[in-house]
Amino acid sequence: MADFGGSRVAPRSSDSGPPGTIRRGSLPTRSSRRPFAIDLPDRGTDQPPEVEVTSGWVPTRAFGRMVLLTGFLLVLAVFLRRPDLVVLAAPLAIGAALGLWRRPQAAPSVRVTTPTPAVSEGADLNASMTITNHDPIRYDLVVARLQHSRWLEVKHTGRPYATALAPGQTVGIDLDGRALRWGRHTLGPTVAYAVAGDGLLISPAGVAPYADIRAFPNTDPFQANDSMPRAAGMIGFHRSRRPGEGGELAGVRPFSPGDRLRRIDWRVSLRTRELHVVATLSDRDAEVTILLDLLHESGMSGGARGSRSVLDLTVRAAAGIAEHYVTRGDRVGLVEYGWPGRKLRASSGRRHYLTVLEWLLDTRPSPDGREPTVYTFGAAQIKTNALTIVLTPLIDPRSAGLLARLARGGRFVVAVDTMPPEQLEMLAGGGRPDDWLRHGQYTAIAARLWLLERSNIIAELREHGVPVVEWGGGGSLDEVLGLVARMASGPMTMPR
Amino acid sequence: MNAFLGALRGGIDIRIERVATVIEQATAGPLVLRATLVVAALAGFAVTWPVRDLFTTALILPVALALGVGMAPRSFTPTATIIAMVLGYLVNIAGGGAPDAWRPITAAGLIYIVHTGAAFAAVLPFNTVATAGLYLPFVLRTAAVIAITVIIGFAILTVPRLVGDHRLVSAAVVGMVAMVGVAGYVAYLGSRRR
């Protein structure tokens, strides 16, 4: 007999709390070493309502067997004048009489709840299923079968749960598990039925709704220097070229009306016998637009602890870059290059970072590689003074075309290659013996040709001033960011 | 012909895969319950069938039926098994007079175990994860029904011997009333089907 690890809850009449509220756990926190550790929010309103299985008990096949055999044996007993045949029928009739003396009317209610509807990818998940008997009749058996997203790992996954329920009793079943991959997942629905009356009556199968689980992506650790092509606004981390209130020293100049007294440089003033003040450059923030190329997905995702697909790499990189720049006070916006072409307006702050994570949960590859419509996506939507980081696997020539158009339009573009290196190695090496690359005479050759073509595209992009860099986490973009900043400081030439 | 053989092989492969899945995922509780069903069915045949038939080729039938009850409790097999037991019992007692009281009472108990066990196994998936104490009420209720049957069985089978070999009108009337009562109750249960 297996153990649920669950707890039997007292009958509802003596229960101090509402049914189903087994426990509330503390939310998992992100690593404290991260510069912008955020406690993921708890949404109590995501809990699904308790749903009663539709009533309407029906006889089982055993009921028909009981009626058939009892009648058959009694008729035989009369015609053959054998009282011992009545004895054979006796337990069937007695069992039915005891079981059906009182019939159940109400149906069991099932509910799946989780105190942690928002978790990190790969983090533990706490959930529970509560089954309640509202009937004054005992249920011989309640069988509940839970379905869930394939990216959730739940204890006893794939197996139905069975329990017996006394009148008014509630049973709690622990469904502890793990969120294997980022995204929106469902814990449920739950299909349940009850059996009563010595196995002679069964309730119809009812479906309890599912609970939403949000698994936020693990942000790839990312650090970059403060090179920014252009800054805007009067607050922020980056120094500007304009004088103003800031921390960057610009020089010493004679005092003029309006200067603050605390800016007076007393040493220079005493030496020159004239008041001088310290001039500073103003601090500015910058806008970063992260453009996600979602035209195609490639590779098989193995979750947080497995292999990475293009989409995994794209989402985790986007989360890491957004976390880095939002932490520094910059404004970060996100745009999808793919259908339907969603867009998240640029903003900054802790709340915006949570919004970014929520936005990333709905990231999907574009169906059939469909491009966004001209009404939802266009180069005009990306500001000219924003640093545009394009996360692209460069699978489709349209992605290269987009990069070229953005560069020609005067945007400061950095292309980050999100094709997982292991996939490129596999394509270059011809794959393992059981891989699809070994199927067909020309498959491996075609793969190598495609790789060469991709290398050509990357080289052409670099020639046209679009730096392309492989995603490598912290520091991997420093060189290209510095390059873009230097290009921005030079004279702008617009191609005819 | 080749297509037929291919389809046949595919069907066999699917069934083998299914059996492998069942063996892999089966949990202890449902397995013990189904094993109990098989044992009870075999014991029932041993009690009800003539001993001479149990050591012939006819033994295949009770073994097949008993295994069928364990493997497919949701099918018609439990009903067929109990009917086969009753028919074997009738054949067994056809030659002789009234049997010893233990035989019909034991047979009744085993028939009930097959019936109620199959009813329970039919609604309990083979890979169920069960809470502690799921089976105890079922076992206690079955034991209670069998205990009542033992009392009633001894009353039915020993009272006529005490009364003697003569006919009583009152006994016939009581028997008829009991018959009508049972028939009415069964009809009542049937009428409450939804």
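Visitor: Which residues touch the most other members of the largest nonpolar core?

Guide: They are A:Ile290 and A:Ala318, in a core of 151 residues. A nonpolar core is a set of buried Ala, Val, Leu, Ile, Met, Phe, Trp, Tyr and Cys residues joined through C-beta atoms within 7 Å. The element that gives the most to this core is H5(B), with 13 residues. Please note that this is a predicted model, in which local features need pLDDT of at least 70, side-chain atom pairs count only at pLDDT 80 or more, and totals for chains, interfaces and linings use all residues. Residues are numbered from 1 along each chain as its sequence is written, while chains are lettered from A and ligands numbered from 1 in the order in which they are written.

Visitor: What does A:Ile290 touch?

Guide: Leaving out residues up to four places away in sequence, A:Ile290 touches A:Ala318, A:Ile321, A:Ala322, A:Val332, A:Leu334, A:Ile389 and A:Leu391. Contact here requires that the C-beta atoms of two residues, placed from the backbone, lie within 7 Å.

Visitor: How many residues does each chain bring to the contact between A and B?

Guide: Chain B brings 52 residues and chain A brings 52 residues. On the side of chain B that touches chain A, the elements giving two or more residues are helix H2 (28-48), helix H4 (77-94), H5, strand E1 (129-130), helix H6 (136-163) and H7 of chain B. H5(B) gives the most to that side, with 14 residues. Helices (H or I, at least four residues) and strands (E, at least two) are DSSP runs, numbered from the N terminus.

Visitor: In which sense do strand E10 of chain A and E1(B) pair, parallel or antiparallel?

Guide: Strand E10 (residues 161-165) of chain A and E1(B) pair in the parallel sense, over two bridges. A:Tyr161 stands opposite B:Val129. Two strands pair if DSSP finds at least two bridges between them.

Visitor: And the open sheet of three strands in chain A: what is its order?

Guide: The order is E6-E12-E9, with antiparallel pairing. Strand E6 (124-125) and strand E9 (152-154) of chain A are the edge strands, each pairing on one side only. E9(A) is joined to strand E12 (residues 177-179) of chain A by three bridges, and A:Leu152 has A:Ala179 as its bridge partner in E12(A).

Visitor: Which peptide bond involving A:Pro189 deserves a look, and is it cis or trans?

Guide: The bond from A:Gly188 to A:Pro189 is cis, with omega near 5 degrees, and A:Pro189 is also in strand E13 of chain A. The bond from A:Trp339 to A:Pro340 is cis as well, with omega near 10 degrees. A:Pro340 lies in the loop between strand E20 (331-337) and strand E21 (343-347) of chain A.

Visitor: What is the phi of A:Asp198?

Guide: A:Asp198 has a positive phi of about 65 degrees, although it is not a glycine. A:Asp198 sits in the loop between E13 and strand E14 (201-202) of chain A and counts as buried, with 26 C-beta neighbours inside 10 Å.

Visitor: Finally, what is the mean pLDDT of chain B?

Guide: The mean for chain B is 86, and 90% of its residues reach 70 or more; pLDDT is the predictor's confidence in each residue, from 0 to 100. Chain A averages 80, with 79% of the residues scoring at least 70. Residues 1-46 of chain A stay under 50. Where pLDDT is low, the predicted coordinates should not be read in detail. For the complex, the predictor gives an ipTM of 0.86 and a pTM of 0.72.

Notes
Buried ≥ 20, exposed ≤ 12 C-beta atoms within 10 Å, placed from the backbone.
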